[in-house]
Amino acid sequence: MRVLAIETSCDDTGAAVVLDGRKILSNVISSQIPIHQKYGGVVPELASRRHIESVVPIVTEALETAKVSLNEIDGIAVTQGPGLVGSLLVGLSFAKSLSFAAGLPFVGVNHIEAHLSAIFLEEKPPRFPFIGLVVSGGHTSLFRVDGFGKYKRLGQTRDDAAGEAFDKVAKLLGLGYPGGPIIDELSKAGNPKAIRFPRASLGKDSFDFSFSGLKTAVVNYVKSHPEPVEGYPENLIRDIVSSFQEAVVEVLVKKTLRSAQHQGLKRVVLSGGVAANRRLRERMKEEASEGKIKIYIPSPSFCTDNAAMVGVVGYEYLKRGIRSPLSLNAFSNLPL
Ligand code: KG4
Ligand code: ZN
């Protein structure tokens, strides 16, 4: 089954053709970073306008790269939410129109489920059940995953998402947008132990997260070290971001591995943009090996938003005969 998948939940326009939910025939992404960079974050109105311009060329490119025509496609999958509603509506409306015009079945996909399923694009995906950590710009949640469509949420952030904390700290220090990859790179040469930032545990039995106290601690640190006229020395910036990153990573690793123990599971899957973080990937693997837990992390380009992961989920539902009606709406909040 060849599924054409479309993803427009935030600021990237993505389209992919995926064979049997596993093999990528094409996976095209058009990033809007240059548009939003000067505002230090995604401007929703600009994002949806750009999706309108990009969706047809990106879908056309996905079909051309896959070397398939529309009549060789068996179904369409599209992100329905959560995300920016104006952005979601562009992809969803396009997918519905194409489904109607071409007489193809279509299905709406939850963006969180798509992130959790990106691992199935890899050579050796895990067996169910597993613990799934979703860490992105909008979400930080832990799930027990028993199969496609079978999710039990074990915990989530009570305030900022992990990626949001990366973006806000980078903005505070004037480092640019998006903050995650910039902090990841700068941290390589920083000292992660230079500053002891707080780690919110929220009680020993809690699998929830909180990053707003950590963000405030970084703000307070910066305020108590006023910027010299010649700017902050490069090594101080590296130490601040590296210590901040260490605090985020430590909490994510501890809670994720503890939830695996708690559920008696030996497999853990990371997903979402923050799962591209070098230090998180490294520490999760190091600490898991002590408890003999196997860690599965998609390649970085499958961690950040992409349409191929939407194709994985779309295939699973379409092959079971599950279809969405043409009246399907987009939702900025769509629980999993
Ligand atoms: O999954 P994603 O592409 O979009 C959402 O669904 O939000 O995640 C984007 C988030 C941004 O906050 C970005 O700063 C963060 O993921 N991110 C990273 C890295 N790459 C992207 N955070 C830390 N380290 C990275 N290497
Ligand atoms: Zn995402």
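Helices are DSSP runs of H or I spanning at least four residues, strands are DSSP runs of E spanning at least two, and both are numbered from the N terminus. All views show a predicted model.

Figure 1. Lys168 belongs to helix H5, which comprises residues 162-172. Its relative accessibility is 32%, so Lys168 is classed as partly exposed, a category that lies between the 20% limit for buried and the 50% limit for exposed residues. When neighbours within four places in sequence are set aside, the contacts of Lys168 are Asp160 and Lys215. The view also includes Gly41: its C-alpha lies 9.1 Å from that of Lys168, although 127 residues separate the two in sequence.

**Figure 2. Packing of helix H5 against helix H6.** In general, a pair of packed helices is described by the angle between the two axes and the distance between them. Here the axes of H5 and helix H6 (residues 179-187) come within 7 Å and cross at roughly 70°. At this angle, H5 is roughly perpendicular to H6, because crossing angles from 65 to 115 degrees are assigned to that class. On the H5 side, the residues that meet H6 are Phe166, Asp167, Val169 and Ala170. Their counterparts in H6 are Gly179, Gly180 and Ile183. The loop between H5 and H6 contains Pro178, and the peptide bond joining Tyr177 to Pro178 is cis, with omega at about -10°.

Figure 3. Three protein residues supply donors to the zinc ion: His111 and His115, each through NE2, and Asp305 through OD. These protein donors lie 2.0 to 2.1 Å from the zinc ion. Around the zinc ion, the four donor atoms subtend angles of 97 to 133°, and the arrangement is therefore tetrahedral; the criterion for four donors is that all angles lie between 85 and 135 degrees. For comparison, the ideal angle for four tetrahedral donors is 109.5 degrees. Along the chain, the donors follow the spacing H-x3-H-x189-D. His115 and Asp305 thus link distant parts of the chain, being 190 residues apart. His115 is located in helix H4 (residues 111-117), whereas Asp305 occupies the loop between helix H10 (300-303) and helix H11 (308-319). Both His115 and Asp305 are buried.

Figure 4. Strand E7 (residues 140-147) is antiparallel to E8, and the two are joined over six bridges. Within this pairing, Phe143 has Arg153 in E8 as its bridge partner.

**Figure 5. Strand E4 between its two pairing partners.** Strand E4 extends over residues 75-81 and is mostly covered, with seven of its seven residues buried. Strand E1 (residues 2-7) pairs with E4 in the parallel sense over four bridges, and Ala5 has Ala77 in E4 as its bridge partner. E4 also pairs in the parallel sense with strand E5 (residues 106-110), over five bridges. In that pairing, the bridge partner of Ile76 is Phe106 in E5. The peptide bond from Gly81 to Pro82 is cis, with omega near -5°. Pro82 itself sits in the loop between E4 and helix H3 (85-102).

Figure 6. Asp20 has a phi near 50°, a positive value in a residue other than glycine. Asp20 is part of the loop that separates strand E2 (12-19) from strand E3 (23-31). With a relative accessible area of 35%, Asp20 is partly exposed. Lys67 likewise is not a glycine, and its phi is positive at about 55°. Lys67 lies in the loop between helix H2 (44-66) and E4. Its relative accessible area is 72%, and Lys67 is therefore exposed.

Terms used:
Residues numbered from 1 in each chain as written. Chains lettered and ligands numbered in written order. Predicted model: local features only at pLDDT ≥ 70, side-chain atom pairs only at ≥ 80, totals over all residues. Heavy atoms only, no water. Pairing = 2+ DSSP bridges. Buried < 20%, exposed > 50% of the residue type's maximum accessible area, 1.4 Å probe, protein only. Contact = heavy atoms within 4.5 Å. Donors = N, O, S within 2.8 Å, 3.2 Å for Na, K, Ca; no water. Tetrahedral: all angles 85-135°; square planar, octahedral: opposite > 155°, others 65-115°. Axes fitted to C-alpha atoms, helices over the stretch in contact; angles between N-to-C directions. Parallel < 35°, antiparallel > 145°, perpendicular 65-115°, else oblique.
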